[in-house]
Amino acid sequence: MSARQILLVEDNELNRDMLRRRLQRAGYETLLAADGQEALNVVKASRPSLVLLDMNLPVLDGWTVCQRIREDDSVSDTPVIALTAHAMAEDREKAMDAGCDDYATKPIDFPDLLEKIGRLLAG
Amino acid sequence: MSLRRRLTLSLFTILVLFAINVGTHFWGSFARSESMVAYRQAVTAGQLSGELAKQLEDERQKILVLSTLRDNTDDTLSEPDQTTALEGIAGTRETVDALGRMVSDVTALQYEQLEASSERLIGSWEAFYLNYNDVRWESDIDDPIPYLEASQRLKELEQRQSFIAVQRANVIDRTIELTDRITVIGFIASIFLTATLGFFLVRYTNDNLKRLKRGTQRFGAGELNYRIDDIDDDGELGDLAGAFNAMSDKLRQAIEEEQEAKESADEANAAKSRFLASVSHELRTPLNAIIGYSEMLHDELDDEAQVDRPQFQSDLGKIVLSGRQLLALIDDILDLSKIETGKMTLAVSSFNPGEVLATTIESLRPILERNGNQLELVGLDAVPEIENDAVKFRQIIVNLLSNAAKFTDQGVIRITASIPEGSDMVCIEVSDTGIGMTEEQQAQVFEAFVQAEDSTSHIYGGSGLGLAICKDFCELMGGDITVASEPGKGSVFTVRLPADPASVRAAA
């Protein structure tokens, strides 16, 4: 398990492609998932060091995915950063309540996101 | 019974009792005074009887003395002595007459007997005086019978009279006793009745006032469904309770109306907030791609000596696509907003729906056939020209076809145009063999932003607003849109627009 492997969960193809490439440029290895169920499978199978999790996902939504990760002892300490286009304060609360460690609003401020990732991986 | 009626009845009862008391008093007075008169007469008659007895006795003694003198001497009776004697006899007679005036029914018989016997006696005495000086006249004055008879009669009368007096006195006693008793009973009864009536009146009024007070307190505490229905009165207090009830009804109604108005205002506000949040969400998704790709390309230009031109071009294309998507989204939002505020108008012109369908399908063909889908067109040239808004019609068709293409893979997309028998509506059907929808999804499919939550891609103008706009447009154009679907089998969207131009003008 690489210390710099990030699972990117995003259903929008363009955004997924864009973020993957930027993360790779920043030196991270990336795993991809397009829906919630796939994300859970990848988390359990590959044990990434961090999950970037879109909240509006088909099959299983991001909040449920985050809760399942926290409930599974083998992966429950995986840091999760929520990504969402919902910009209200209560959306942030909702994500944090579901067990996310941090929260980033779309459009993503990439340097800020990198800082959050760095902080969580260091901690 | 009303309070006023109760009060009136109580007052009337008390007045009747007082009247009975006053009547008893007057009757008692009358009866007493009547008996008193009779008693006094009896007493007077008794005195007169005594007087008469004495007069008869005196006169008898006098005459017996004179008779002895006349028999044994030759003395004559002088003129003045004779007159005096006759006056004495007249006085006795007057006493008898006076007794006669005291006679009542119950003593009449005794008096008549007395009068007859005393008249005989007095008559013999008169004759004695008148013939005293006549020596030839034989006197029978010594005979005691007439005197004894008169005395006997007088005694009988006296007995009768004293009996009457005692009887009268008894009557008076009884009358006084009776009237006293009636007065006391009436007085006690009226006091008791007044007190009882007063007590019940106060208790009854108090109870009802307490209920009224309790009711108004509960109204005051906001219990406007409470009813004051325990008032035992169909008069003033009942009316008052009715008025309070009506007041609480009105209050409750007013509060409910206020509440409804507030709720509907709150609902409208909440809907606006949700709409804004959804708009913000929808705008951020393409913006994320635009900003992300732009920053990334910028970084690449900075960092790398050689630019991968085809990749760069493809990335720029994605930025443009997202920009267009953003624009389409903004247009959709503006359309919805116009419809909501009633500012959307129809640009009515004559057009053939079949032709518009054909050109639209042609321009969307690459998208429609992208997922290996087969296209079937049925009856496009079978429908006549209609008068309606061709631009909006085209937009409806674009939205429906985009959806069909988006959710169908390796399937069939069929477009059918027709005028069903007996109908005056042009019917456009867009059916697909795509993923379909559950009943729940179908119920929400025409609501703004609902679809956006689950959609897999927004590339083809699918903002989640498309079907909401379709529905609003169809209704604006005098028609409607319906959906029939089954999960895994596909969906059929049916647009119906009026074939008759008049109904469109009416709707416009």
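Contact means heavy atoms within 4.5 Å. The model is predicted: local features need pLDDT of at least 70 and side-chain atom pairs pLDDT 80 or more, whereas totals for chains, interfaces and linings use all residues. Residues are numbered from 1 along each chain as its sequence is written, chains are lettered from A in the order in which they are written, and side-chain values use heavy atoms, without hydrogens and water.

**Exercise 1.** Describe the interface of chain B with chain A.

*Solution.* Begin with the residues: 24 of chain B are in contact with 19 of chain A. Next, take the buried area, the accessible area (1.4 Å probe) lost on putting two parts together, summed over both. The two chains bury about 2100 Å² between them, 51% of it on carbon and sulfur atoms. B:H281, B:R284 and B:N288 supply 29% of the area that chain B buries against chain A, more than any other three residues. Finally, count the salt bridges (a side-chain nitrogen of Lys or Arg within 4 Å of a carboxyl oxygen of Asp or Glu); there are six between chain B and chain A.

**Exercise 2.** Characterise the surroundings of B:K318.

*Solution.* Second, apply the burial criterion (under 20% relative accessible area, 1.4 Å probe, protein chains only): B:K318 counts as buried because its relative accessibility is 19%. Third, list its contacts, leaving aside neighbours within four places in sequence: A:L14, A:D17, A:R21 and B:Y293. With A:D17, B:K318 forms a salt bridge, the closest N and O atoms being 3.2 Å apart.

Key. Buried < 20%, exposed > 50% of the residue type's maximum accessible area, 1.4 Å probe, protein only.
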